Structure formats: structure tokens, C-alpha cells
Amino acid sequence: MNRITRRSVLAGTAGSIGALAAPGIVRAATVKELTFFYPVTVSAPMAQIIDGYCQQYAKESGVTVKASYAGTYPDALSKAITAIRGGNGPQFSVLLTSDIHTVQALDLVVPLEDIGLDAADRKWLDGFWPAFMFNTKVGGKTWSVPFQRSTEIMLYNKEAFAKAGLDPDHYPTDWKAQGEAARKLTNRTGSPQTWGVQLAADITSGHWTFGALTAGNDVNLMNDAGTEVFFDVPKSVATLEYWVDLSKTYNATPPGVTYWSTLVTNFLRGDTAIICTSSGNLSAVTAGAKFAFDAALPAGNPTPGTVVGGGNVYIFKHASKEEQKAALAFARWLTAPERAADWSIRTGYVAVTRDAFDTKTMQDYIAKHPVAGRPKSFLPSARGELSTFEDARIQTLLENHIAAALSGKATPAAALQAAQAEATAILRRYKNM
Amino acid sequence: MERHPVAGWLFVLPATVFILSFTDLPLVATLASSLYTAPFAGHPGHYVGLDNYNGLIADPAFRQSLWNNVLYAAVTVPAAVVLAMAMALAVNAAIPGRAWLRLSFFLPTMLPMIAVGTIWLFFYTPQYGLVDRFTSLIGLGQINWLGDTSTALPAMMAIAIWKQAGFFMIFYLAALQNIPPPLREAAALEGVSRFYFFRRVTLPLLGPTTLFVMVTAAINAFSVVDHVVEMTQGGPDNASSLLLYYVYATGFRYWNTHAAAAATMVLVLILSLLAALMFGVFGRKVHYR
């Protein structure tokens with residue numbers, strides 16, 4: 001219901017943005033009104049929470065911030081691009097962190113340094129978890145502000161572990177142990193039928209799962225500049241072979257592509273004992289699980305690792321200097337420790353700064369729900385999400401080739417070589433930019 | 001009567017303006033756009049001739065989307081036509097609960113395609129999805145319909161057939177009720193079998209309807225992709241990617257608008273050919289009263 005109302009409001013706000021985007025001279029030096037787009041990707045009452053923040057901010061600062069619900073992450077990007085090209089876009093937006101190179105190439109965003117940072121701003125930016133600055137700080141400049149951030153985690157059913165004779169207090173840390181555990185958790189003949197582990201490989205989630213697995217094999221999928229990918233290096237190939245083996249050798253996961261949207265339901269129903277999912281789902285699983293569960297890092301080869309994801313606040317180039325400054329001030333307010341803690345508790349996203357974890361609110365919540373504190377200990381082992389120029393295209397082609405390998409249509413090596421060749425051809429022109 | 005050439009032009013002006021601005025100009029603009037590159041790294045876009053088209057041919061995802069779409073049309077068009085005709089014949093007869101049957105056949109048509117996608121996403125879910133529950137009842141194992149490269153496209157076809165057959169049934173029902181009763185009475189007098197009557201009288205009289213339905217179904221096969229966006233996003237391994245989905249992804253997810261323009265022109269060409277074939281060749285062979 002809330003979503004529908006927000007959508008219908010969109011048309012109304014578009015009109016008022018038009019007034020704002022009028023020539024700079026008309027605009028007063030002090031900005032009174034800002035508009036931003038945000039996507040919704042987790043099952044929390046986001047519109048309500050964000051509207052609440054905006055009202056509070058208006059009271060404290062006198063600046064009205066209008067939040068427009070914009071669909072999924074790709075929807076939010078398309079809407080922002082279309083609105084900006086049409087001459088009346090929002091001044092800032094929550095977009096995928098991994099879109100950094102893509103929005104740079106489209107010449108849409110302004111680095112925070114160019115807006116102007118004072119000492120307090122710099123100290124604020126240093127307070128974010130280093131893992132959340134991957135794909136955020138590139139080439140010495142900060143391109144966005146970490147906001148709704150997450151990390152890939154393994155959720156496992158402790159009761160199923162105990163029943164299968166596994167240690168429910170220690171999740172396996174290396175690939176082989178994880179595969180063997182998943183095999184023991186699988187039951188395909190009796191009733192109820194269960195799978196040991198499920199990992200999502202559908203479009204938009206497959207590259208993220210692969211990123212978590214490759215992090216555990218100590219390999220990056222791309223360079224920092226976003227101009228080169230490492231899909232076909234031996235360590236990446238070995239990682240995909242392991243993923244295929246979970247079905248082929250360990251018989252612990254269904255063959256073919258598993259959809260992201262089915263994971264949490266399968267886990268809560270007890271249809272699968274382990275899922276590889278986003279920390280953003282912790283709140284939903286905590287609320288819905290009728291059994292004891294815990295979160296762990298995905299096993300590695302031999303050291304566990306994972307990947308970060310989620311969205312950052314990007315400030316747009318087309319906005320006036322004053323609007324950019326006002327947007328930056330709002331972003332800073334939005335990520336202040338108390339708010340970041342509140343946001344984390346109500347949505348399931350990871351609190352983006354160290355200080356947020358130290359607030360009393362967060363400490364009390366973690367004391368009640370220890371699992372909510374886990375992501376903090378995972379962050380040091382996390383790497384950046386696959387992020388290149390034309391990232392949506394590169395991620396999709398990787399996902400399609402991973403699907404070919406998981407369906408048995410191609411060997412992991414052949415699939416990743418094909419993905420590497422296609423990606424290299426696309427990225428060639430960005431190398432000498 | 002006086003002739004007013006200016007008045008005549010003024011009368012057609014509104015229609016002309018609309019056709020020009022909403023059909024012809026966008027087509028020309030798309031064609032032009034498909035011959036240029038996007039501005040890149042400070043350089044403005046420039047004319048590249050057929051480079052964007054060559055790029056499409058070189059893209060395995062485009063070739064697969066095109067081939068998928070041909071298969072998709074080749075299966076969904078005849079299947080929807082046959083099913084629609086069968087349903088119309090069934091509910092045209094005087095049977096109990098006829099209104100209820102008609103309604104249930106027509107129901108899928110009234111749902112928006114996005115809602116259909118969401119419903120079928122649940123139907124196809126492995127383990128607790130409706131289809132899997134049914135197949136496990138009759139002893140077939142689990143089938144990951146949308147997660148296997150060989151079943152994803154057939155799964156999409158089934159949705160398209162289910163969605164549009166009820167709509168086409170309405171047209172067949174109307175046509176069936178327009179068949180003059182004396183024909184049936186005459187046939188009964190002659191002692192003609194029901195099948196013979198259907199083959200020699202009903203089927204030919206349904207000809208114009210069939211042509212219309214086939215054109216509509218073929219156009220739908222190339223222009224309705226909401227369920228692909230909602231359910232598989234073309235995956236796995238491009239198995240369920242259709243041409244219009246390729247255009248959408250290229251244009252609005254990858255922001256490669258000039259390549260998308262070229263793919264759009266290919267789509268327009270296919271649709272024009274279909275229309276020409278249907279109306280030009282088959283149209284003349286259809287019996288009109």
C-alpha cells in the first residue's frame with residue numbers, strides 16, 4: 001500500500017524538481033528543498049523509515065528532503081538517468097555501490113572532494129568500515145557515501161547441524177569440510193526432503209555469490225579501476241569448479257540455477273540447511289525462524305572470505321554547488337552513529353560506521369540478538385563487489401556463463417574463458433580512456 | 001459543391017500529426033540513432049554505418065534471443081490458436097455451468113502480465129511450488145523449471161499460451177455464434193458427421209478470425225516480455241531471453257542505447273514482415289463472406 005502511494009506521489013514531486021532545476025541564479029543561496037531517489041530491496045517498511053528521517057531532518061535543519069521510492073536498484077538508476085537527461089533529476093540518489101564506474105562514465109556524479117570537505121567531514125569519512133570503502137574510494141577520490149550496506153553470509157540451521165552429527169557452534173571453514181557437511185545435511189530419499197546448501201545464481205545475484213566464493217579463494221574478480229576482470233585465472237576457475245561440485249560431487253545442492261528469491265523461504269521452511277544470502281535478511285530470518293540458527297562466513301580455500309554489497313548515496317553533478325553541499329550535509333546526518341544504528345536495527349543492513357556499533361542502542365540490540373553482531377566480525381575478511389565499467393552488462397554475462405556451467409552445458413573453465421573474452425572486449429575501450 | 005482543398009488538409013491534420021509524432025518520427029529517429037555511436041570520453045557520437053548491426057550479429061546473447069523468439073512464436077502462436085478454438089467449441093455447446101467455464105477460461109486474460117509473472121514464479125518454484133507438488137504426486141521428481149537452461153523457455157511459452165488463449169476464445173465464440181443455424185440444419189438433413197461439418201463448414205467460416213488471432217498472437221510473441229523481466233531476466237544462460245527483452249536490457253540496464261536502437265530496428269523489421277506475410281499472402285486465401 002505504502003509503495004503504491006509513494007509511486008503516485010512521484011509524478012507530483014517531478015514537477016517540484018522542475019522548479020528547483022531552473023537556472024542557478026533563481027535559486028537562493030541557502031537550499032530549502034532537496035529530492036532524492038531510493039530503491040527498496042529488503043522486506044522492511046523502508047518508505048516509513050525514510051520519511052521519518054526526512055521529517056526529523058526538516059525539523060532540525062529547516063531543509064525539506066523529499067524521498068522518492070524508485071523501485072529496484074536498476075530502476076532507481078534508470079529513473080535518475082532519465083530524469084537528469086530530461087533536465088529535472090534529483091540532486092542525489094541511493095544507487096548500487098558497484099555502479100561507481102558506470103555512473104562515472106555517464107558523467108553523472110561528483111566526488112565528495114570536489115564539493116569541498118572540511119576537517120570534520122574527513123574525520124566522518126574515515127569512520128566508515130574500510131570494507132565499505134571498496135568501490136567507493138577510487139583513484140584517491142570518494143565517489144559516494146556508504147548507506148544501506150550488506151555483506152554475503154552463510155545462514156545455517158543449528159538444529160539440522162546437531163541432528164546430522166555436526167558441531168552447531170562451529171561452521172566449517174574450508175571448502176571440503178563445508179561440502180562434506182552439506183552432503184550430510186542432504187536427504188533426498190526420505191521425508192522431509194532437504195538440501196544441504198543453496199546458493200543463488202540467477203541474474204543480478206549470481207555474480208555476488210561468486211564474489212563471496214572467490215574471496216574465500218583469495219582472488220579478486222576485477223582491478224580497482226574497473227577496466228579489467230579476472231574471470232579465467234586458475235583460482236577463479238577452481239572456485240566455479242567447487243560450486244559445480246557442490247551439486248555434482250557432494251550432491252548437496254540442486255543442479256541448475258537457484259533463484260535468490262527462494263532462499264530465505266527455503267531456509268525458514270527447513271527445506272535447506274544452509275543458504276548463502278545477504279546480511280540484509282538477518283532481521284527477516286530472526287523474525288521468522290522457528291529453529292536456532294547462526295550466521296558464518298562462507299568457507300574458503302583455506303581461509304573464509306566474503307564480499308560486500310548494497311547501496312551508497314551518490315550526489316549528482318547537475319545539481320548546483322549549494323544543493324550538493326546540502327545533500328552532503330544530509331548524507332552526513334543520515335549516517336551519524338545513532339541513525340546508522342537505528343537504520344541497521346530496523347532494516348537489517350550493516351551499521352556503516354564503527355561508532356554506530358558502539359552506540360548503546362546497537363549494543364543492547366546485539367546483546368538481545370547476538371547474530372546481528374556477526375557481520376561486524378566478517379567485515380575484515382570482505383572484498384569489494386564485482387564492479388567495472390558497464391557493470392550491469394559484465395555482471396549479467398558472467399551470470400549467464402556461470403549458469404551454463406551449473407547446468408552442465410559448459411565446463412567451468414570453458415564458461416569462464418568465454419566470460420573473460422566477452423568482458424575483455426567490452427572493457428577494451430575504457431582501458432585507454 | 002465547392003471544393004476546399006485546405007479544409008480537407010485541415011481535417012486530416014490532427015491524425016497526421018499524431019501518426020507522425022508518435023509512429024513515424026520515433027522510427028526515423030531510432031533508425032538514425034542505430035547508425036551512430038554514443039558520446040564517449042569527451043568525444044561526441046559519430047556516424048558508424050552498420051557497425052551497431054555488426055555488433056549485434058557478433059553478440060551471442062542477441063543471436064540466442066532472436067532464435068529463442070522464433071521458437072517462442074513457432075510454439076505459442078499455433079498452440080494458443082488451437083487451444084482457443086477448442087475452448088470456444090467446448091463452451092459454445094449447451095452444457096451446464098457454461099457461463100462459469102467461459103469466465104474461468106477468460107480469467108487469465110484479465111490479469112496484468114506482471115501479476116501473471118509473479119503467480120507463475122510461485123507455480124514454478126522447486127520443492128513447494130504448485131507444479132512441483134503436482135509432479136511429485138504423480139511420481140515425477142523435482143524439476144527446476146526456471147533454473148535449467150532446457151526448461152526455462154518452454155516454461156515461458158506455457159505462460160504465454162495460458163495467458164492469451166482465453167482472450168482469443170472470445171473471438172472464436174463470437175465467430176461461432178455468427179455461423180447461420182440453417183447450415184447446421186441442412187447438414188443434419190444430409191446426415192453429415194459432426195467432424196465433416198466442422199472441417200468443411202465451421203473451420204472455413206472461422207478463417208478470418210483465425211487470421212486475426214494469428215497476427216495478434218505473433219505480435220504478442222515479439223512484443224510482450226513483462227514475464228521475462230519479472231521472472232528470469234533472460235536467464236539462465238540467456239535461455240529465456242526474447243528479442244524485446246534484449247532491447248530493454250541493452251537500452252535500460254546497460255545504457256547502450258545505440259545498440260538497443262539497432263536491435264529495435266531488427267524487431268520492427270520482423271514485425272513488418274509478419275504483418276505483410278499475414279495480410280498479403282494468407283489474407284488472400286482466407287474466406288471472407
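**Note on aromatic pairs and the chain A–chain B interface**

1. Over all chains, a search of the whole structure finds 38 aromatic pairs. A pair here means rings of Phe, Tyr or Trp (its six-membered ring) with centres within 6.5 Å; planes under 30 degrees apart count as stacked, over 60 as edge-to-face and the rest as tilted. B:F18 and B:F22 are stacked, because their ring centres lie 5.9 Å apart with the planes at 15°.

2. This is a predicted model, in which local features need pLDDT of at least 70, side-chain atom pairs count only at pLDDT 80 or more, and totals for chains, interfaces and linings use all residues. Residues are numbered from 1 along each chain as its sequence is written, chains are lettered from A and ligands numbered from 1 in the order in which they are written, and side-chain values use heavy atoms, with hydrogens and water left out.

3. B:F18 and B:F22 are four residues apart in helix 1 (residues 5-33) of chain B, so about one helical turn separates them. Helices (H or I, at least four residues) and strands (E, at least two) are DSSP runs numbered from the N terminus. B:F18 is exposed at 52% relative accessibility, and B:F22 is exposed at 62%. The cut-offs are under 20% relative accessible area for buried, over 50% for exposed and in between for partly exposed (1.4 Å probe, protein chains only).

4. The pair B:F167 and B:F168 is tilted, because the planes are at 45°, with ring centres 5.9 Å apart. B:F167 is partly exposed, with 32% relative accessible area, whereas B:F168 is buried at 0%.

5. In chain A, the charged end of A:R339 sits over the ring of A:W333, 3.6 Å from its centre. The criterion is NZ of Lys or CZ of Arg within 6 Å of the ring centre and within 35 degrees of the ring normal. A:W333 also belongs to a cluster linked by ring pairs, whose members include A:F330 and A:W343.

6. Between the chains, 35 residues of chain A contact 24 residues of chain B (heavy atoms within 4.5 Å). The buried area is about 2600 Å², with 51% from carbon and sulfur atoms; this is the accessible area (1.4 Å probe) that two parts lose on being put together, summed over both.

7. One salt bridge is counted between chain A and chain B. The side chains of A:K409 and B:D237 meet in a salt bridge at 3.0 Å, N to O; the rule asks for a side-chain nitrogen of Lys or Arg within 4 Å of a carboxyl oxygen of Asp or Glu.
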